Amino acid sequence: MKTVSEIAELVDGVVEGDASATITGLAGLREARPGDLSLLMSHKYAAALADTKAAAVLVRADWQGQSSCALIRVANPDAAMTQIALALAPDYPATEPGVHPTAVVADSVVLGEGVCVGPLCVLEEGVEVGKGAVLVASCFLGAGARVGEDSVLHAHVSVREGCRLGARVLVHDGAVIGGDGFGFEHQDDGRWAKIPQVGIVEIGDDVEIGANTTVDRARFGRTVIANGVKIDNLVQIGHNVHVGENTAMAAQVAIAGSTMLGRGVQMGGRSGAIGHVTIGDNAIVGGNSAVAKDVEPGAMMVGFMARPHMKWKRIRAAEERLPELLHRVKKLEQLIEELKQNSGD
Amino acid sequence: MKTVSEIAELVDGVVEGDASATITGLAGLREARPGDLSLLMSHKYAAALADTKAAAVLVRADWQGQSSCALIRVANPDAAMTQIALALAPDYPATEPGVHPTAVVADSVVLGEGVCVGPLCVLEEGVEVGKGAVLVASCFLGAGARVGEDSVLHAHVSVREGCRLGARVLVHDGAVIGGDGFGFEHQDDGRWAKIPQVGIVEIGDDVEIGANTTVDRARFGRTVIANGVKIDNLVQIGHNVHVGENTAMAAQVAIAGSTMLGRGVQMGGRSGAIGHVTIGDNAIVGGNSAVAKDVEPGAMMVGFMARPHMKWKRIRAAEERLPELLHRVKKLEQLIEELKQNSGD
Amino acid sequence: MKTVSEIAELVDGVVEGDASATITGLAGLREARPGDLSLLMSHKYAAALADTKAAAVLVRADWQGQSSCALIRVANPDAAMTQIALALAPDYPATEPGVHPTAVVADSVVLGEGVCVGPLCVLEEGVEVGKGAVLVASCFLGAGARVGEDSVLHAHVSVREGCRLGARVLVHDGAVIGGDGFGFEHQDDGRWAKIPQVGIVEIGDDVEIGANTTVDRARFGRTVIANGVKIDNLVQIGHNVHVGENTAMAAQVAIAGSTMLGRGVQMGGRSGAIGHVTIGDNAIVGGNSAVAKDVEPGAMMVGFMARPHMKWKRIRAAEERLPELLHRVKKLEQLIEELKQNSGD
């Protein structure tokens, strides 16, 4: 619990208004309750600032406008809020190095210095965990799986046999790395014969994988998630997909088998791509959009079958006018009919 | 195993047809097998009733129509079926209060009276569980997490550090409460810097959360799921989202960060909303629809970029006629060309 | 590590080029690195073959074209690659029959011959596991659940109370079989009353269920997944759904409650169906498509509200021309206006 002035001090801010009020929590402008500290992210939210119940709000040093509460003027409200949030965050006990007695660790497992294997983890034969890595609890590492230095795997993560994670990889609860790819051959009698999925998943350094996300092992060779890739929750990555460096995918994205994403690609929430296509470096695919053919580097694609953004905007705008258009065409037909009759007279 | 007449007695029903037949299971009209009891939910299914293989069917007291099997006339077939299903359901052993010897419970954990901590659960320091709550098996409760009275967490649920669940909350298997929000800042060299996610998730009373659903912790402050909210499977709730009381979301819904849903909102299957928008009280968003701007209270939105329902219906109907429209416009152009030539003669 | 000629021998292939090169991995043509073996799946990828960094490529016996690396000519490159992948795959330790000492197995559980109950599994009262089945690790089998012969459940799978899996069923990590269906009744005060979900899930033989997929228990009776069905990751199957034999569903499909899918249906990635509809035998529903009414057997449906494929293609093509169409109609209106003025002169 800190006062407005104590918080301003943390971030080199200048207070306007009641500096002695106590801050009891942090919240966005619209949902703030009395005692909360909030921030003004952009001018778009100026109206919310006038209405907020927050006790104090972080604003840019040069901000001009109405407010009903104390202001803390700072160079960068966003960065200041992060700093304050970290300072006020509860001090959770640090994970301690060592293997919890309830963990089940095979004889041939190799653990680096300072590794924490939390309670009820299962590490099968041949697993290697790099120094400083943390397996929080109830993780499963299949035979021969490798986890790099300083990586953190939260509860209920599965890393299947032979899959490899680099250094500083953060995997959230329930993610599955290396389940079988979806590969079957249709038989004459209608049944599906399974195509063996004997490849692995290879994840680079500094990757983040969201909760309950699934990354399938390759049919053969490797499904690749390169360095610096950030993947949100409930995302599906098919077998033999390659995701280039620093590509980011929001929640519920799905990438079908053997598709290649370049570097720095951004996939919006619930966007997707069919199999065997290539999405070029730095392309942006809008939320809910489905990529059905190759995408040029740097392109911005939007839509059900994703199209270049400007084209899609024109089409969407035209679609809005379709009911009107039908009426207009009908009227035209009548007019022409009249004209024809007139000229036939 | 009960006879048709014994079942009719359970629900104060009147039998027509063979009252002595034995009922061996329950099923919908179309999939019923001999020996099954079924029900007629609405007139829409009257044809299925004529064809059903069920041994007996629950119908409204005043129902008139053909059937090939015994009927049980009741005031409310739907409610009667629920009553019968409960009566015939197998008697699973009750969970017993106490901490299973295989659970891993930190010293500072506080358990209310009658709490059941099932096998292989992990409760970190500072966790509090209210009286009568049940952790079925293999649940993970991070440091400082709180679960309210009479809540039930099924297997493999994660409640991350600091997150709070109210009373009578039901969480299905594999759900993840409090994974990190998806927040990164783009660096000049193309890499993503992680924005710390130090807030929590706060879930009210009487909430249900579906299997493998993910609710992200706030960047700062709280992601809020208010009292009475019902969330289906594989749903994604982003950081700092606020979901109002009694709002319901069907499977695979996704709500992006900082969006606010009012009370009594209904989100259809796989619908979604982009970040930073507000959906008003009692609004209805159709299945597969994506909300891209604020929605008025009580509005009914449908479509890829969700539009008011009536407008969307007109647009969809017009789209159906697009191929025809193109032909008509082409014909018009020819006609006009003819007219012009005629008048130019 | 094998040479090109050793690998050719494995699959009765004929080598062209450097037969002594060492093969160190397997990869697709586009992502292959030096030392990799790759394959040419179809003529579509002939350009990638010319550019590949692979050391050798499997091609059809009669293939003609440019390549920069060794070729291995075989009757069926696809089948040959599977054969080679299996031969080169690391030899993971076989699961051993028996109950791991950390598993929690209730007294009344019945295990067939040769069953493997891996570490940290929980088997509640009345569970039955058929001979030769494998529960890899940390699986949860609720009271009375049954798993058939030679089935394999990977880590963190939940099979809830009373649910039944047939023989040779393969379930990937984190899948949840038998969570409650999403059934609530709206109360006058806005709250939702839960409709008890007391049915089960019944899964046939030779079924595959993907990672983190959820199949809900029936409200009453059974949710049915018939023999030979293949389901990918993150799929949602609602309560009382019936899925016919050999039907296949790609990732993120969602089927709402009480819908019936026939035999041999194919659902593309992220396609779905609303509740209470019937999809006929061998129908194909395209990726991202949503079925909103009954689908005839053998039909091919595509689109937001799925339409027959040919109709949808015409509509999509017309939509592409909408902006142009609006211009054309505007021009027509001007022309007609001119004509009218002329004829009025």
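Biologist: Which residue stands opposite L39(C) in strand 6 of chain C?

Modeller: That's L58(C). Before we go on, this is a predicted model, where local features need pLDDT of at least 70, side-chain atom pairs count only at pLDDT 80 or more, and totals for chains, interfaces and linings use all residues. Residues are numbered from 1 along each chain as its sequence is written, while chains are lettered from A and ligands numbered from 1 in the order in which they are written.

Biologist: OK. How do strand 5 of chain C and strand 6 of chain C run, and how many bridges join them?

Modeller: They run parallel, with three bridges; strand 6 of chain C covers residues 56–60. Strands here are DSSP runs (E, at least two residues), helices are H or I runs of at least four, and both are numbered from the N terminus.

Biologist: What does strand 4 of chain C do with strand 5 of chain C?

Modeller: Strand 4 (residues 25–26) pairs with strand 5 in the parallel sense over two bridges; pairing takes at least two DSSP bridges between the strands. L26(C) has L37(C) as its bridge partner.

Biologist: And the side chains of strand 5 of chain C, which way do they point?

Modeller: D36(C) and S38(C) point one way, L37(C) and L39(C) the other, and all are buried. Buried is 20 or more other C-beta atoms within 10 Å of the residue's own, exposed is 12 or fewer, and partly exposed is in between, with C-beta atoms placed from the backbone.

Biologist: What is G244(B) in contact with, leaving aside neighbours within four places in sequence?

Modeller: A226(B), L261(B), G262(B), R263(B), V265(B) and D281(B). Contact means C-beta atoms, placed from the backbone, within 7 Å.

Biologist: Now the B–C contact. How many residues does each chain put in?

Modeller: 55 from chain B and 56 from chain C. Helix 5 of chain B gives the most to chain B's side, with ten residues.

Biologist: What rotation superposes chain B on chain C?

Modeller: One of 120°, with 0.0 Å of shift along its axis and an RMSD of 0.1 Å. The two copies are thus related as by a three-fold rotation axis. The superposition is by least squares on C-alpha atoms of residues with pLDDT of at least 70 in both copies.

Note on methods. Contact = placed C-beta atoms within 7 Å.
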